[in-house]
Amino acid sequence: MALVRDGDRTVMTMANDFHGEPHDFAIVIPVPTLITRGQIHIADKALIDHLDAYSAPRLVEYFDYDPCRMYAMDRMPMSAPMNAQKAAREESRARSLGVTIEARYTVGEYDILILSATQSNGLETWLRENGYTIPPGASSVLGSYIRQNMKFFVAKVNLGEHEKLGYSYLRPIQVAYESPKFMLPVRLGTVNAAGPQELFVYALTRKGRVEATNYRTIKLPSDVDVPLYVKEEFTPFYKALFSEQVRKENMSTLFTEYAWDMNWCDPCAADPLSRQELRNLGAFWVSNDPNSGGAAEVFLTRLHVRYDREHFPEDLVFQETGDRQNFQARYVLRHPWTGSSDCEAAKTYKASLRQRQEKEASNLASLTGWNVNDVRRKMNLVSTDTPADKKWWQTIWQ
Amino acid sequence: MKRFDPRLYQIGALTLLLLYGLTALDFDTTWFRAALVIGAAIGAQWVCSRIWNVKFDPRSAAISGLSLALLLRSNSIVFLLAAAGIAISSKFAIRWRGKHIFNPTNIAIVALMIATPRVWVSPGQWGNVAFFGFLITCLGGLVVNRASRSDVTYAFIAAWSAVLIGRSLWFGEPLTIPLHRLENGALLLFTFFMISDPKTTPDSRAGRILFAVLVALGARYVQFKLFHTNGILWSLAACSLLVPIIDVLLPGGRYTWKQGGSSWSVSPQWRWHFVPGLLPRIRSAAFMSQRAMPRFSIARRRWRSSATAIAP
């Protein structure tokens, strides 16, 4: 999910990692205002991929790594819509249920409806009758959004268009709207989810870092020395690290993984986004005139949250802060010197190296929750006992 | 028996919260910055005491400094120093009838948030894992205060809970939502250490209860109509401007720290007998306001005579 925000203007880009059949895909998202056709756009998937690559947690050296491509969004799992009904019939049935189809658009490969409703039962019935599988309990959540005068953005895949366009994946949907609410509705997604949900929020703002106002937002541990073999296992390492941090924080925080001025990076996991890409994402204040010099004035915050109903009872509310300090989640690999030499300094170095590797092992164990002995084994640290480490009694009777 | 100064308890409690925040909650600040802002507040108190010629007492300044260290964030040290300066000098410079108008920490934060986008307050920084620990620490303050002016705290908590729970009931939301909003360290800090400031709340009990309700309603407006963060801070600053009017309509005893917790310098009949005399009082308020308004100004040494009331 990318959120571009300045003042009351928001552009939301919803990407997803949906792997099923296109006809199984559907989303229902509460939105604060009515959305017209011009406010909806289908984006290029490469935009979000680039944003992800640019901001992903990284090893400090430029080793190849597998950026963790785990998008998620607030999505209600739903089954395929039934046979298409006549629009008119649909609308009159909708009216009788207190549901108003405010607008109906086909944009790219999606059929999009903007619904408003007067009662949650009616909306739930309408969604069910139109083939959406609504989880039990969704009705009360829908009801609270209805009372707040929110509209519902409902999208499903238009199979004909999808086939015609020929994409093997679903492209991100973009919605631009103006509202003082700077929030993400996540409650629908937690109603019947089998387990915790995962969400990445890429916030692009003008002033500075974005954080949640109703949950703690903390930085992922960073700048930690880890064993060299992490290079080969970066994705499992990062997944284990994130899970362990979520566990330590009792699944009640959001994690900042990246916060950086979009004009540069160091080290760069990928090039910063171009002005055109930023505009495509919705950063309306960025000039696309190649001759206009100066900085792009975009600050990127990448937030990662794992949430469920118990730990995240209310929707995520954000604020833009004045914080422009750069932060990245990065992990340091230090290659030991492997030459051979007998000088005194080499002995000291080797002794210190042992300690350093021991520290790397315990760092890794603490970051990921992995067993320290397994880590040692993988590092080929046979024994951790150096003479200096031995207790005094261990040498008496030898 | 000499009464225990409630400010010492506050300093202890706020220090504990700050230490906890810096070590366990990853507050977005550093030890250096926290020490700097506390030092700056005490320094500003010393300077202002010299200028206004009153006895230097660091206790209230330490409370303001600790509160700023707990709440205000900025990349720039200049803004943190400015906050300490505004907080302390506001006590001396913005006064009405011998009483300062704004809670020092509150006005410093609000003034800077208006003036620059480079400062912010993170209401989410506390999480709600250690909420009950915070609650106990804060409740301790009430015990030490001997509930002297805790009425404003109770009234605010009641009014704010009513706002949040009422809103969720109206929207058909589960009660876990208002409870989650209430289990917030920032709210506790505000309720027990900021709005309860006896030097800036109305003098009478009825006035304080009215004030607390107004602050809660204002916060509701900011948070749920304007969808702006930190509704309680904005609302307190705005409602503080009403305190002189409330004091005229509903007069009561003036608080002084020296007498500790339950000090009242006016006979108790003033506390509750305001209703029968309300109309004449409004008339006299109109008269008094003509007399009193010129005194609401920023000037040096005008209140030298009320030195004991200036210190905090």
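A polar contact is a pair of N or O atoms within 3.5 Å; within protein, one atom must be able to donate a hydrogen and the other to accept it, and residues adjacent in sequence count only if both atoms are side-chain atoms. The structure is a predicted model, in which local features need pLDDT of at least 70, side-chain atom pairs count only at pLDDT 80 or more, and totals for chains, interfaces and linings use all residues. Residues are numbered from 1 along each chain as its sequence is written, chains are lettered from A and ligands numbered from 1 in the order in which they are written, and side-chain values use heavy atoms, with hydrogens and water left out.

**View 1. Ends and buried side of helix 10 of chain A (residues 372-379).** Helices (H or I, at least four residues) and strands (E, at least two) are DSSP runs, numbered from the N terminus. At the start of helix 10 of chain A, a side-chain oxygen of A:Asn371 comes to within 2.6 Å of the backbone nitrogen of A:Asn373. A:Val375, A:Arg376 and A:Met379 are buried in this helix (buried means under 20% relative accessible area, with a 1.4 Å probe and protein chains only). They lie on the same side of helix 10 of chain A, because they cover an arc of only 100 degrees around the axis, the arc being that of the directions from the helix axis to the C-beta atoms. Helix 9 of chain A is included in what covers these buried residues. After helix 10 of chain A comes A:Asn380, with a positive phi near 60 degrees.

**View 2. An open sheet of 3 strands in chain A.** The strand order is 5-19-14, with parallel pairing; two strands pair if DSSP finds at least two bridges between them. Strand 5 (58-59) and strand 14 (224-226) of chain A are the edge strands, each pairing on one side only. Strand 14 of chain A is joined by 3 bridges to the parallel strand 19 (residues 330-333) of chain A. Opposite A:Asp225 stands A:Val332, in strand 19 of chain A.

**View 3. Packing of helix 7 (residues 151-171) and helix 10 (residues 205-224) of chain B.** These helices pack at an angle of about 35 degrees, their axes 8 Å apart. Axes are lines fitted to C-alpha atoms, for helices over the stretch in contact, and angles run from 0 to 180 degrees between N-to-C directions.

View 4. B:Thr105 counts as buried because its relative accessibility is 4%. Not counting residues up to four places away in sequence, B:Thr105 touches B:Ser64, B:Ser67, B:Leu68, B:Leu71, B:Ala87 and B:Met194 (contact means heavy atoms within 4.5 Å).

Notes
Buried < 20%, exposed > 50% of the residue type's maximum accessible area, 1.4 Å probe, protein only.
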